[in-house]
Amino acid sequence: MLELAAEAASCDSVTITNLFAEPAKDVPELARLAVDPHGWLSAREDLEAGLLGGHELIVGWGMYGFSGPAARHFREQLQWLRGTAVKAGHPRAWCVGGQPRHPSRWHQYVSDRHGRTGPGTTGERVRQVLVRASWEGLVPAQR
C-alpha cells in the first residue's frame, strides 16, 4: 500500500522511518517501551535524514493514543517532527483521509464497503483519499 501512495505522490522510491526507534511486536508492547524517552530520541537521526533527503513526505504514525509518560513523549516527538519537517522544506505532508493513519490500516480505509472511495483498483482508491495536509491539522501547535 505504501508503494501505491508513493506512486500517487509521484515518488520514485520510498524510505521508511519510525517515530520510535525500538522494535515492538504489537501496540501493547510499544506502549510499554514508549515510556522511556530513549527510543523517541534515538529515532530522530533517521527521521531527520529522511526529511532532508526526501522530496515528499507521507505520514502514517497511526491513530493509537498513548497514555502517561508515553503520551507526553509522543506529543514531544510530533512537535519535533513538525518543526524539523518545516525547516527541511515540508510545509505539508501526504496522508490518507487527512489523518496520519498507519499504512497497515489503509486497505481497510479504502475498502469499497465503507463508501469512502469510488470504484476502482486499490491504487485508484488510494489516490482518491491521499491528500496533502497542513501540519496544523496533523500536529496542533503546542500551547
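Buried means under 20% relative accessible area, exposed means over 50%, and partly exposed lies in between (1.4 Å probe, protein chains only). The model is predicted, so local features need pLDDT of at least 70 and side-chain atom pairs count only at pLDDT 80 or more, while totals for chains, interfaces and linings use all residues. Residues are numbered from 1 along each chain as its sequence is written, and side-chain values use heavy atoms, with hydrogens and water left out.

**Salt bridges**

- The structure holds 4 salt bridges, where a salt bridge is a side-chain nitrogen of Lys or Arg within 4 Å of a carboxyl oxygen of Asp or Glu.
- Three of these contacts are described below, and the helices (H or I, at least four residues) and strands (E, at least two) that place them are DSSP runs, numbered from the N terminus.

**Within helix 4: R72 and E76**

- R72 pairs with E76 in a salt bridge, and their closest N and O atoms are 3.8 Å apart.
- Both residues sit in helix 4; because they are 4 residues apart there, about one helical turn separates R72 from E76.
- R72 is partly exposed at a relative accessible area of 41%, and E76 is partly exposed at 36%.

**Between helix 1 and helix 6: E7 and R127**

- A salt bridge joins E7 to R127, with 3.9 Å between the closest N and O atoms.
- E7 belongs to helix 1 (residues 2-8) and R127 to helix 6 (residues 122-129), so this pair ties together parts that are 120 residues apart in sequence.
- E7 is exposed, at a relative accessible area of 54%, whereas R127 is partly exposed, at 40%.

**Between strand 2 and a loop: R132 and E56**

- R132 and E56 form a salt bridge whose closest N and O atoms are 3.7 Å apart.
- This pair links distant parts of the chain, 76 residues apart: R132 is in strand 2 (residues 130-134), and E56 is in the loop between helix 3 (37-53) and helix 4 (68-87).
- R132 counts as partly exposed at 35% relative accessibility, and E56 is partly exposed with a relative accessible area of 29%.

**Cysteines**

- There are 0 disulfides in the structure, a disulfide being a pair of cysteine sulfur atoms within 2.5 Å.
- C11 is in no disulfide, and the nearest cysteine sulfur, that of C95, is 14 Å away.
- C95 is likewise in no disulfide, its nearest cysteine sulfur being that of C11.
- C11 is partly exposed, with a relative accessible area of 21%, whereas C95 is buried, at 0%.
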